[in-house]
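Please have the picture open while I talk.

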Amino acid sequence: MTASTTRTAAAKTRTTKPSRIAALAAVAVAGSMLLTACGDQTNGGGGDSGSAKPSAAGNAAPLFDKLPKKFQDAGKIKVGTDAAYAPMEFEEGGKIVGIDPDIAAAMGKELGVTFEFTSGTFDGLISSLNTGRQDLVMSAMSDTKARQEGLDDTGKKVGKGVDFVDYFTSGVSLLVKKGNPEKITTLDDLCGKKVAVQRGTIYEDTFKKQAKTCDSGKKGKLTIEAFDTDAEAQTRVKSGGAVADLNDYPVAAHIAKTAGGGNDFEVAGGQLDAGPFGIAVAKGNPELRDAVKAALDAIIKNGEYAKVLEKWDVKNSAVTEATVNGGK
């Protein structure tokens with residue numbers, strides 16, 4: 001995914017279908033705050049994506065035989081997400097919808113199972129894989145070497161790590177208050193100021209790295225306030241308590257276009273580093289990983305993947321093939 005619509009790991013990102021603008025505007029700031037849970041717990045906002053639950057016997061889906069037997073028997077794959085990140089995943093009408101659920105639904109038809117999404121806080125999603133609460137994580141999650149290897153910000157081993165099947169590419173952009181009163185255009189402009197961000201994301205890591213740059217250059221301390229949801233970070237910027245939030249470009253552009261009727265925020269400066277989003281799979285589950293990869297390749301080949309990206313206006317974030325652990 002290269003893209004002019006990118007996130008750094010891109011799209012916890014996306015742009016929206018015109019008919020959904022009003023609904024997503026409400027989700028972008030206030031509504032999404034209702035969707036979070038504690039730790040790796042999930043809440044009841046989960047919706048099914050994909051076809052009806054099949055029986056294992058006689059399943060005609062082309063890739064059904066690639067799935068481990070437990071998923072064939074269950075007829076579903078449990079997916080953890082943070083459904084507060086329009087347009088990637090958000091709640092509408094009591095269901096989790098968006099780019100990720102639509103891609104999953106298309107893969108589900110190839111595999112002959114339902115992808116069942118439930119929502120939890122972003123920083124608890126990987127642990128939900130390791131505890132067996134979820135089978136996959138699909139939440140606009142950046143594929144990074146640190147996540148692959150289970151490392152924290154300091155390089156210390158804190159978990160088993162996960163494998164990623166990369167399915168989307170994007171860069172990140174700064175989201176500031178409408179009118180950009182602080183004249184923010186680059187990360188260096190944040191030195192001496194306060195920013196807000198969702199906890200446990202690649203964006204928080206970016207701000208932490210910038211804080212070190214500010215300190216080393218004696219440009220003034222960068223203060224970071226981290227929140228459980230991006231909606232809380234947005235609210236902080238809107239109120240003037242912080243000068244900027246950081247998001248995947250498609251998400252930032254969507255928020256700027258819809259929140260407050262387009263009067264609350266704007267995107268400042270250009271996009272920063274682009275990278276892949278990955279579907280996370282536990283290290284001990286290579287058969288499921290390979291089945292997901294095969295399903296993604298299948299929908300890329302048959303055109304269903306392109307249809308999803310066109311629906312959400314994120315065609316520039318497309319990948320041409322599924323890749324395992326392509327993040328750096």
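This is a predicted model: local features need pLDDT of at least 70, side-chain atom pairs count only at pLDDT 80 or more; totals for chains, interfaces and linings use all residues.

Let me begin with a pair of helices, where the axes of H3 and helix H9, which covers residues 286-302, come within 9 Å and cross at roughly 105°. Helices here are DSSP runs of H or I with at least four residues, strands are runs of E with at least two, and both are numbered from the N terminus. An axis is a line fitted to C-alpha atoms, for helices over the stretch in contact, and the angles run from 0 to 180 degrees between N-to-C directions.

Residues are numbered from 1 along each chain as its sequence is written, and side-chain values use heavy atoms, with hydrogens and water left out.

Which residues make the contact between H3 and H9? From H3 they are Ile-103, Ala-106, Met-107, Glu-110 and Leu-111, and from H9 they are Ala-291, Val-292, Ala-295, Leu-296, Ala-298, Ile-299 and Asn-302, where contact means heavy atoms within 4.5 Å. These residues divide into 10 nonpolar, 1 polar and 1 charged, if we count Ala, Val, Leu, Ile, Met, Phe, Trp, Tyr, Cys and Pro as nonpolar, Asp, Glu, Lys and Arg as charged, and the others, Gly among them, as polar.

H3, which spans residues 99-111, also meets helix H10, residues 304-311, and their axes come within 10 Å and cross at roughly 160°. That angle makes H3 roughly antiparallel to H10. On the H3 side the contact is made by Ile-99, Asp-102, Ile-103 and Ala-106, and on the H10 side by Glu-304, Tyr-305, Val-308, Leu-309 and Lys-311. Sorted by type, the residues of this contact are 6 nonpolar, no polar and 3 charged.

Now to the sheets. S3 pairs with strand S4, residues 89-92, over 2 bridges, and the two form a hairpin with 3 residues between them. Across this pair, Tyr-85 stands opposite Glu-89, and Ala-84 stands opposite Phe-90. S4 and S5 pair over 3 bridges, again in the antiparallel sense, and here Phe-90 stands opposite Val-97 in S5. The hairpin of S4 and S5 has 2 residues between the strands, and in it Gly-93 takes a positive phi near 65°.

Another open sheet has 3 strands in the order S12-S9-S13, and its pairing is antiparallel. Its edge strands are S12 (245-248) and S13 (265-268), each of which pairs on one side only. Neighbouring strands of this sheet are turned by 40° against each other on average, with direction ignored. Strand S9, residues 172-177, is joined to S12 by 4 bridges, and Leu-174 stands opposite Leu-246 in S12. Helix H6, residues 202-216, packs on the sheet and touches S9 and S12, its direction making about 130° with that of S12. Helix H8, residues 249-258, lies across S9, S12 and S13, and runs at about 115° to S12.

I will finish with two single residues. Is Gln-148 buried or exposed? Gln-148, which is found in helix H5, residues 145-149, has 6% relative accessibility and so counts as buried, since buried means under 20% relative accessible area, exposed over 50%, and partly exposed in between, with a 1.4 Å probe and protein chains only. Leaving aside neighbours within four places in sequence, Gln-148 is in contact with several residues, including Asp-143, Lys-160, Phe-164 and Asn-325. Lys-307, whose place is in helix H10, counts as exposed because its relative accessibility is 52%. Lys-307 and Ala-106 are 201 residues apart in sequence and yet 9.9 Å apart in space, C-alpha to C-alpha.

Methods:
Angles under 35 degrees count as roughly parallel, over 145 as roughly antiparallel, 65 to 115 as roughly perpendicular and the rest as oblique. Two strands pair if DSSP finds at least two bridges between them.
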